[in-house]
Amino acid sequence: MNDTSMTGSDRTKAIASNRFRRGMTMLAAAATAAIMTIGLAACGGAGTSGGGSSEKIAVVASINQWGSVAEALGGDKVDVKSIMASTNVEAHDYEPTTSDVAAFAKAQVAVVNGADYDSWASKATEGTKADVVNAAETDGIKEGDNPHVWFSHDVREKTADAITAAYEKAMPDQKDYFEQRHKAWEAQEQKVEDKIKAAESKTKGVPYAASESVAWYLADDLGMTDATTSGYKNASANESEPSPADIKQFSDALKAGKMKVFVLNTQESNDTTEHLEAAAAEGDVPVVKLTEQMPKEYTNLTDWMSALVDDFTGAVK
């Protein structure tokens with residue numbers, strides 16, 4: 001399930017290192033300011049809801065994708081806070097606030113994405129008593145690999161298993177309740193998996209190109225082939241500007257219709273992506289538009305994934 005264009009390369013390791021250093025600098029500043037807040041949180045006791053009126057498991061998720069899963073699995077036994085819940089900013093560049101750091105200090109269960117996507121969140125859990133669920137690690141995905149793991153069916157299932165196990169550990173007398181919630185979530189996720197399997201008859205082997213490798217795992221689940229031109233793909237993975245030659249090569253391939261679907265991350269729109277979208281239109285290549293963070297019109301990850309499967313299937317002619 002790893003993105004072979006990224007895994008194991010010096011280039012992606014350098015990216016991870018740069019992001020880590022940047023994230024740690026931002027987090028250190030927030031953590032220093034949060035010391036007294038964290039101390040007060042510890043005195044208040046974890047496991048209570050915001051109002052303190054009923055016993056609940058305090059859960060913090062770095063991004064709303066995983067926060068929605070945590071809510072679905074916990075029901076009325078959990079109080080979930082998602083740090084990032086907007087498509088206006090991506091987790092790579094997020095600057096944690098004092099209250100963000102303090103929230104992790106109060107959490108009994110923390111859900112982070114991992115794979116260096118939200119290193120600020122992983123760092124914030126260190127030294128806390130939170131039971132940490134790292135989504136990427138549940139499927140052996142490491143720093144330097146494609147970090148957009150919520151698009152993977154396997155990762156979603158394994159992360160849900162890990163979250164449920166954390167809930168049962170935190171509130172063992174409610175094990176039956178959490179098992180029932182898990183079964184209900186599994187039933188919804190199975191519908192997505194069934195839709196993916198049904199779509200494969202149409203999508204398997206279909207070449208696609210992408211402005212970024214955001215939905216690589218979903219496309220892989222659908223059996224599609226990443227045909228993004230190598231020069232552009234490498235520049236995108238390295239978070240550097242593609243050269244004019246790279247852009248021209250990609251544009252020419254789209255205009256020629258060599259790719260059958262163009263996947264566009266609208267959360268990172270710029271002159272280059274607009275140029276590529278125009279090239280796709282000229283080549284009569286359907287465009288699937290998506291974002292990294294879960295859009296506000298969706299309240300749970302499975303509904304969002306189900307809609308995207310429909311978008312990919314509908315785009316394949």
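A: What follows describes the sheet, then the helices linked to it, and then the confidence of the model. The model is predicted.

The open sheet has four strands, in the order β2-β1-β3-β4, and their pairing is parallel. At the edges stand β2 (78-84) and β4 (131-134); each has a single partner strand, so one side of each is left without a neighbour in the sheet. On average, neighbouring strands are turned by 20° against each other, direction ignored. In general, the strands of a sheet pair through backbone hydrogen bonds. Strand β3 (residues 109-112) is joined to β4 by four bridges, and the two run parallel. Within this pair, V111 stands opposite V133 of β4.

Helix α3 (residues 64-74) lies across three of these strands, β1 (57-63), β2 and β3. Its direction is at about 175° to that of β2.

Helix α3 is in turn one of the elements against which the buried residues of α12 pack; the others are α6 (153-170), α7 (175-203), α8 (216-221), β7 (261-265) and β8 (287-290). The buried residues of α12 include L301, W304, M305, L308, V309 and F312. Helix α12 (residues 301-315) has 15 residues and reaches 21 Å from its first C-alpha to its last, close to the 21 Å expected.

As for confidence, the mean pLDDT of the chain is 87, and 83% of its residues reach 70 or more. Over residues 1-53 the pLDDT is below 50, although this stretch has 88 contacts in the model beyond near neighbours in sequence. Where pLDDT is low, the predicted coordinates should not be read in detail.

Notes:
Residues are numbered from 1 along each chain as its sequence is written. This is a predicted model: local features need pLDDT of at least 70, side-chain atom pairs count only at pLDDT 80 or more; totals for chains, interfaces and linings use all residues. Side-chain values use heavy atoms; hydrogens and water are left out. Two strands pair if DSSP finds at least two bridges between them. Axes are lines fitted to C-alpha atoms, for helices over the stretch in contact, and angles run from 0 to 180 degrees between N-to-C directions. Contact means heavy atoms within 4.5 Å. The expected span of a helix is 1.5 Å times one less than its number of residues. Buried means under 20% relative accessible area, exposed over 50%, partly exposed in between (1.4 Å probe, protein chains only). pLDDT is the predictor's confidence in each residue, from 0 to 100.
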